[in-house]
Amino acid sequence: MPTSSYGALLLPAHARWSRGARARPGQRRRQALGGHAPRAAARTLGRRGVGSHGDPREPCMARAGRRGAGWCWALALLGLAAALGASPTSGRRWPVPYKRFSFRPKPDPYCQAKYTFCPTGSPIPVMKDNDIIEVLRLQAPVWEFKYGDLLGHFKIMHDAIGFRNTLTGKNYTIEWYELFQLGNCTFPHLRPEMDAPFWCNQGAACFFEGIDDQHWKENGTLAVVATMSGNTFNKMAEWVKQDNETGIYYETWTVQASPGKGVETWFESYDCSKFVLRTYEKLAEFGAEFKKIETNYTRVFLYSGEPTYLGNETSIFGPKGNKTLASVIKKFYDPFKPRLSTKEFLWSLLKVFDSVIMHREFYLFYNFEYWFLPMKFPFVKITYEEIPLPTRRPPPDS
């Protein structure tokens with residue numbers, strides 16, 4: 001089968017197996033959508049299990065040897081969500097638009113993941129125009145390979161898309177997730193040699209041949225939601241390339257003024273489910289016919305009053321920056337750094353509770369800029385809410 005014109009999926013240098021890393025039993029090799037330097041990492045097109053919001057066997061705030069620190073924080077925040085001032089910026093457009101880039105920068109060597117992002121990636125094939133392609137909704141609990149349906153009971157789910165060519169019988173999967181696990185995308189490293197917090201935050205898409213039916217069916221969903229032609233699939237492949245190269249970083253939080261529908265949204269998340277939703281919308285625009293079935297997605301909310309823009313790395317942490325504000329931001333992020341003992345972790349959790357719940361403060365990093373969030377009850381919440389499938393419609397320029 002011919003491949004698309006932008007070439008084979010090449011594993012970028014930064015994503016090769018790190019020292020001591022081994023594939024899980026039965027894990028197929030994947031590779032990221034490659035390209036010319038310095039955009040090799042740009043085309044990274046990821047997969048479930050290792051990629052589904054991080055692997056709890058590796059440090060999410062990843063540096064070798066700090067096992068479990070990142071996923072401990074992720075689980076702690078999920079538990080907080082389940083259990084549970086600065087002057088506003090007037091005249092600003094809400095929600096703040098997600099910033100896109102002209103290319104994907106090469107990750108800093110400091111950013112390490114124990115398991116490779118997208119280890120079995122493959123080229124997106126070019127379909128024949130008259131091929132009939134089924135579009136499959138794929139959803140399973142985060143970290144299902146490790147904990148089974150545990151997080152599924154809390155509706156903490158990972159989303160992907162499957163494709164089945166009814167004429168050739170071949171199946172494919174595409175999904176979008178973090179290059180260096182969820183902890184790195186949500187909180188920075190505080191490196192002693194650097195004045196500013198250091199972020200290892202990139203997210204990307206991964207395409208590979210095959211669908212792990214057992215994984216998606218056992219504790220999740222594998223269902224046909226649409227059909228389309230091979231020509232529509234090829235259009236989608238070109239769009240995915242552009243979307244993947246310009247949308248380079250992951251955003252965990254959706255920030256709203258309060259729970260409920262129709263309330264002010266300050267910031268939108270940019271995660272696996274948002275990739276699925278964007279792709280569905282494009283497929284509908286290109287002519288795919290979607291069924292009328294209920295589809296739900298996990299969202300992680302922060303609730304705050306109107307956010308205050310604080311500045312970027314240079315204006316806050318640079319030579320002429322605001323040293324007082326810089327100190328406050330670093331102090332806020334300090335409890336989220338990897339801890340080496342249970343005692344340290346629990347003490348840090350108390351600090352987080354004091355900052356976010358008692359003092360109602362949160363410092364958000366979005367579009368490579370810092371914002372202050374005056375937090376409001378219920379502070380943090382995880383929802384599993386319906387977002388309808390799109391209906392077929394003509395392209396905007398028709």
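A disulfide is here a pair of cysteine sulfur atoms within 2.5 Å. The structure holds 2 disulfides. The model is predicted, with local features requiring pLDDT of at least 70, side-chain atom pairs counting only at pLDDT 80 or more, and totals for chains, interfaces and linings using all residues. Residues are numbered from 1 along each chain as its sequence is written, and side-chain values use heavy atoms, with hydrogens and water left out.

**Disulfides**

| Pair | S-S distance | S-S torsion | Handedness |
|---|---|---|---|
| Cys111 and Cys200 | 2.1 Å | -85° | left-handed |
| Cys118 and Cys206 | 2.0 Å | about 65° | right-handed |

With bonded cysteines counted along the chain, the disulfides follow the pattern 1-3, 2-4. Helices (H or I, at least four residues) and strands (E, at least two) are DSSP runs, numbered from the N terminus. Burial is judged by relative accessible area: under 20% is buried, over 50% exposed, and in between partly exposed (1.4 Å probe, protein chains only). Both Cys118 and Cys206 are buried. Cys111 is buried at 6%, and Cys200 is buried at 1%. The sulfur of Cys185 lies 9.1 Å from the closest cysteine sulfur, that of Cys200, which is too far for a bond; Cys185 is buried, with a relative accessible area of 4%.

**Helix α6**

Helix α6 spans residues 272-286 and reaches 21 Å from its first C-alpha to its last, close to the expected 21 Å; the expected span is 1.5 Å times one less than the number of residues. Of its 15 residues, 12 are buried, among them Cys272, Phe275 and Tyr280. Cys272 has a relative accessible area of 2%. Gly287 follows the helix with a positive phi near 120°.

**Aromatic rings**

Rings of Phe, Tyr and Trp (its six-membered ring) pair if their centres lie within 6.5 Å; planes under 30 degrees apart are stacked, over 60 edge-to-face, and the rest tilted. The count comes to 33 aromatic pairs. Tyr249 and Phe368 have ring centres 5.5 Å apart and planes at 70°, so they are edge-to-face. These two residues are 119 residues apart. Tyr249 is buried at 4%, whereas Phe368 is partly exposed at 36%. Phe377 and Phe379 are also edge-to-face, with centres 6.0 Å apart and planes at 85°. Phe377 is exposed at 61%, but Phe379 is buried at 5%.
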